[in-house]
Amino acid sequence: MSFSVLTEKSLSLFAAMGGWRTVAEGVASRVLFLITYLATDQVSTSALVAVGGVVVFAVIRVFTDRKYWQPAIGLAIFGVSALLAGSTGNAVDFYLPAVLTQAVGGAVFLLSILVRWPVLGLVLGAARGERFSWRRDPSQRRRYQLCTAIFLAKYVLATAALLPLYLTERVTPLGIAATLLGGAPAMGVCAYLCWRVLRAQAA
């Protein structure tokens, strides 16, 4: 399979999972919460503004793309964040799901490497139509292991940065770190590095 087909199928899988709009919703929600909290010092108000932003994205997506489950997932995730922060009155709790996601994601990716069923192999193997045939190719398996390790490093770094900030209740640096390390910027770097690894394979 050519690299162009791999790229096309991978992008199709990414689009099916929500694409850049889902990424934008996550970034916007975290940024809106932090900015509103710094301006008002009101946790409930900040949570409502953040969820309101996600609602606007969801409505636009429903009316323009006729997609429902992706915006519903986004609303559920950030609805939980808002409920946590609103119920405790503690601003850092808005970012607790992000902290937990990084920690759990790291554990899952590490386990997949240890048992030699790397997450990126499963995802990209499905996108390429390989199913599990890549496991019989040592070179291909190593590349998928490396790609999974790249994301694992991101999860470990993010957890190491976010958890102390959450435990010490440092809202501003936590919000920035959650947006950068737990959001689109870090994921974009990982995706680019994996693209380079797989591109070298196709060359």
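Where is the place of Glu 169? Glu 169 sits in the loop between α7 (138–167) and α8 (171–180). Before going further, a word on what you're looking at. This is a predicted model, where local features need pLDDT of at least 70, side-chain atom pairs count only at pLDDT 80 or more, and totals for chains, interfaces and linings use all residues. Residues are numbered from 1 along each chain as its sequence is written, and side-chain values use heavy atoms, with hydrogens and water left out.

- The protein averages a pLDDT of 83, and 83% of the residues score at least 70; pLDDT is the predictor's confidence in each residue, from 0 to 100.
- Confidence is highest in α5, at 95, and lowest in helix α1 (residues 3–16), at a mean of 47.
- Helix names come from DSSP runs numbered from the N terminus (helices are H or I, at least four residues; strands are E, at least two).
- Over residues 1–7, pLDDT stays under 50, and the model has 10 contacts there beyond four places in sequence.
- Residues 9–13 also stay under 50, with 7 contacts beyond four places in sequence; a contact means heavy atoms within 4.5 Å.

**Loops and positive phi**

- Glu 169 isn't a glycine, yet it has a positive phi of about 60 degrees.
- Glu 169 counts as partly exposed because its relative accessibility is 49% (buried means under 20% relative accessible area, exposed over 50%, partly exposed in between, with a 1.4 Å probe and protein chains only).
- Arg 116 isn't a glycine either, and its phi is positive at about 65 degrees.
- You'll find Arg 116 in the loop between α5 (96–114) and α6 (119–128).
- Gly 129, which follows α6, has a positive phi near 75 degrees.

- α6 is mostly covered, with 7 of its 10 residues buried.
- Those buried residues are Val 119, Leu 120, Gly 121, Leu 124, Gly 125, Ala 127 and Arg 128.
- Leu 110, Leu 111, Leu 114, Val 115, Trp 117, Leu 122, Val 123 and Phe 132 make a nonpolar surface patch of about 730 Å².
- Patch residues have over 30% relative accessible area and no salt bridge; like charges are joined within 9 Å, and nonpolar side chains (Val, Leu, Ile, Met, Phe, Trp, Tyr) within 5 Å.
- A salt bridge is a side-chain nitrogen of Lys or Arg within 4 Å of a carboxyl oxygen of Asp or Glu.
- Accessible areas come from the Shrake-Rupley method with a 1.4 Å probe, and for residues only the protein chains shown count as cover.
- α5 and α6 each supply at least two residues of the patch, and α5 gives the most, with 3 residues.
- Leu 110 belongs to helix α5 and is partly exposed, at 40% relative accessibility.

**A buried threonine**

- Thr 36 lies in helix α2 (residues 19–40).
- With a relative accessible area of 14%, Thr 36 is buried.
- Leaving out residues up to four places away in sequence, Thr 36 touches Asp 41, Thr 45, Ser 46 and Val 49.

**Cysteines**

- A disulfide here is a pair of cysteine sulfur atoms within 2.5 Å, and by this rule the count is 0.
- Cys 190 is buried at 4% relative accessible area; its closest cysteine sulfur, in Cys 194, is 6.7 Å away, so that's too far for a bond.
- Cys 194 is buried at 5% relative accessibility, and its sulfur is 3.6 Å from the closest cysteine sulfur, in Cys 147, also too far for a bond.
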